[in-house]
Structure formats: structure tokens, C-alpha cells
Amino acid sequence: MTSDEQRDLDGPVERHGSRRKWVHVIALLLVLEMAVVWWLWRHPGEMSFFSFDFSKNTKRFAGIDFVWIEPGSFQMGLAGEAEDACALYGGNVGWYRGEAPQHTATLSRGFWLSKYEITKGQWREVMGEEDLWQGRGWILGRGRSPAVYVTWFDVQDFIETLNERGEGKFRLPTEAEWEYACRAGTTSHFSFGNDAERLPKQAWYKDNADLAGEEYAHVVGRKKANPWGLYDMHGNVWEWCEDWWGAPYSEGPVTDPQGPDNGTGRVIRGGSWLSFPWALRSSNRSSLDPMMGNAGVGFRLCRDP
């Protein structure tokens, strides 16, 4: 047999061997893809845990992830008539009237807002205690779930302790800052539109938490972020704001509003795992005695630039 004849015989064997290797590689890639799809299905909203964010809009201060919010103007409060919104989402029409009149609010300074609600783990790291929720009901005992049963005054203690570290000036957001960040440039009832049927992928609320037997605030960041990269602005826990409660709003445009000078309740925003859809709307507002806390109330932080 000549060398050319031998080469003709060996050639097909080499090509078949190479083809088998590629089949194995493709099969492995398919298995890996299926594993990733399964993981994402089981852990919705957690892509950020194994991806890297190189965005200039995010930064970590004092072990807390923040998103930069640019200054700007927006329409604050309920768009349209209270009766129309009540017909869409239910509840008491009087609650909607507390969101009127809609008015132009301008925030002249940008600010950092925490990407997630402050967690139990972050609370412990700063305060060195678990007493606020220890032994209480309706609690998920995981470090990445929100710190709950925190009063407005408890949060002020947390902020004071954090500020003593010299890593910046931290505070609660004003009500206007909160709604501006929640809307994230949108004008709809929710940051994802007006369709409450989309809430299960966007928020923890009455239907997929309380009524589903998961009677607690869930691990942060497991639902979709809003357009500015903030998680759980709708649902999971109500979030304390700096302002005293006052309703209705004043007429006319405002710049850097701070709310009333005094009152009996502090503003809370966003709704919780116990809330019906109407309470999760971007413009919805409520209040709570600043000396009270419960399993559905937490907070997120601002940091001045």
C-alpha cells in the first residue's frame, strides 16, 4: 500500500474523530445552558449575583450597594381622577385622593439611593444586634431579607451610627425623592406600566406572598428591577421616608420639597408583602406612627454626593 493510499484511509478517521469531539462540546454547552435556565427559573431576579456591574451609576458605600439618581423634574402624585384609579385597582377612593393634586416636583440635586432595602445582615453589621425582630412573628430569618420591625426612630439610630464611620452622609429619602426614584422616568401607575397582572414578576405582595403561605418579607432583589436598577420599590416592605405626613399636596410646582414641619405620622411608601395591588402604585402614600414598626415595614437609604 502506498503512502497516499494510507493517507486516504486515515483521513476519514481523523475527520470523524474531530466531529465526535465537537458533538461532545455542543452537548456540554447545551447541558450548561439548561442548568443556567433552571437556576434563573428557581431564582428570578438574581442574575446580579453572578454577573458584574461595571456601570458608573452604581457604587458601594459602607458595604451597601447604591444607585446614582440624577436630578430632574417629574409629575408627583396621582394622574387622573381618584375614582378612575379606584375602579382599576380597588380600595377606598379616599386613599387615592390623598395623592392629589398631581404637581411638578423638581429635585435640584442628585443623590445615591440604596439598590435594595436594608437587610437584616446589614443591620447587624452596623448595630450589632437582632433584638428588633428576634422572637417576632412573620419573619424570614435570612440575612438578605429586609430588616423589619424597625421604627422611624430605630432607623435614625442606624443612620447616626453609620454616619459616625465617616463614609459619607446617609439619611432617609424624602417622599419626593422616593417617588421620583420609584417612577424611574415613567408616568404610569407602576414603573412597568398600568397592568397589575404583571405584578407577580415585579413585586412581593398579597397574592404571591401572604395568600401563598409565604407570610414574610422576602430576600431582596429576587424580582425585576425598575428602569433605574432599583429593586423592590413595589412591595416586599413599606419603606420609611423622612417626611411628616401631610395630605392633600399643595397646589403648584415645588422644588426639593421636605413635607410639613410637623405631624403625627411619618410617610411610608411602596406597599408590602401584605398589600393589595393598589398600595404598590408609584404614587400611593401612607403614614405610620414613627414609634411603631411591624413585619411589613423596612427602609432603604439615601447618601448625599
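**Ground rules.** I am working with a predicted model, where local features need pLDDT of at least 70 and side-chain atom pairs count only at pLDDT 80 or more, while totals for chains, interfaces and linings use all residues. I number residues from 1 along each chain as its sequence is written, and side-chain values use heavy atoms, with hydrogens and water left out.

**Helix pair.** I started with α4 (residues 120-127) and α5 (residues 152-163), whose axes come within 10 Å and cross at roughly 60°. Helices here are DSSP runs of H or I with at least four residues, strands are E runs of at least two, and both are numbered from the N terminus. Axes are lines fitted to C-alpha atoms, for helices over the stretch in contact, with angles from 0 to 180 degrees between N-to-C directions. Which residues of α4 meet α5? I found Q122, W123, V126 and M127 in α4 against D154, V155, D157, F158, T161 and L162 in α5, contact meaning heavy atoms within 4.5 Å. By class, this contact has 6 nonpolar, 2 polar and 2 charged residues (Ala, Val, Leu, Ile, Met, Phe, Trp, Tyr, Cys and Pro are nonpolar, Asp, Glu, Lys and Arg charged, the others, Gly among them, polar).

Next I turned to the second largest pocket, with a volume of about 250 Å³. On a 1 Å grid over the protein atoms alone, a pocket is an open set of points with protein on both sides within 12 Å along at least five of seven lines, a cavity is a set where a 1.4 Å probe fits but cannot get out, and lining residues have an atom within 4 Å of a point. Points are joined across faces, edges and corners, and a volume is the space filled by probe spheres set on them. Of the 16 lining residues, Y249, S250, P257, G259 and P260 are closest to the pocket's centre. Both α6 (175-183) and β7 (238-244) supply at least two lining residues each.

**Cavity.** I counted 1 cavity of 30 Å³ or more. The largest cavity has a volume of about 40 Å³, and its lining includes S191, Q202, K224 and H234.

**Backbone.** I noted a cis peptide bond joining A100 and P101, with omega about -10°; P101 is in the loop between α3 (93-97) and β4 (103-107). The bond from A247 to P248 is cis too, with omega near -5°, and P248 lies in the loop between β7 and β8 (254-255). N236 is not a glycine, yet has a positive phi of about 75°.
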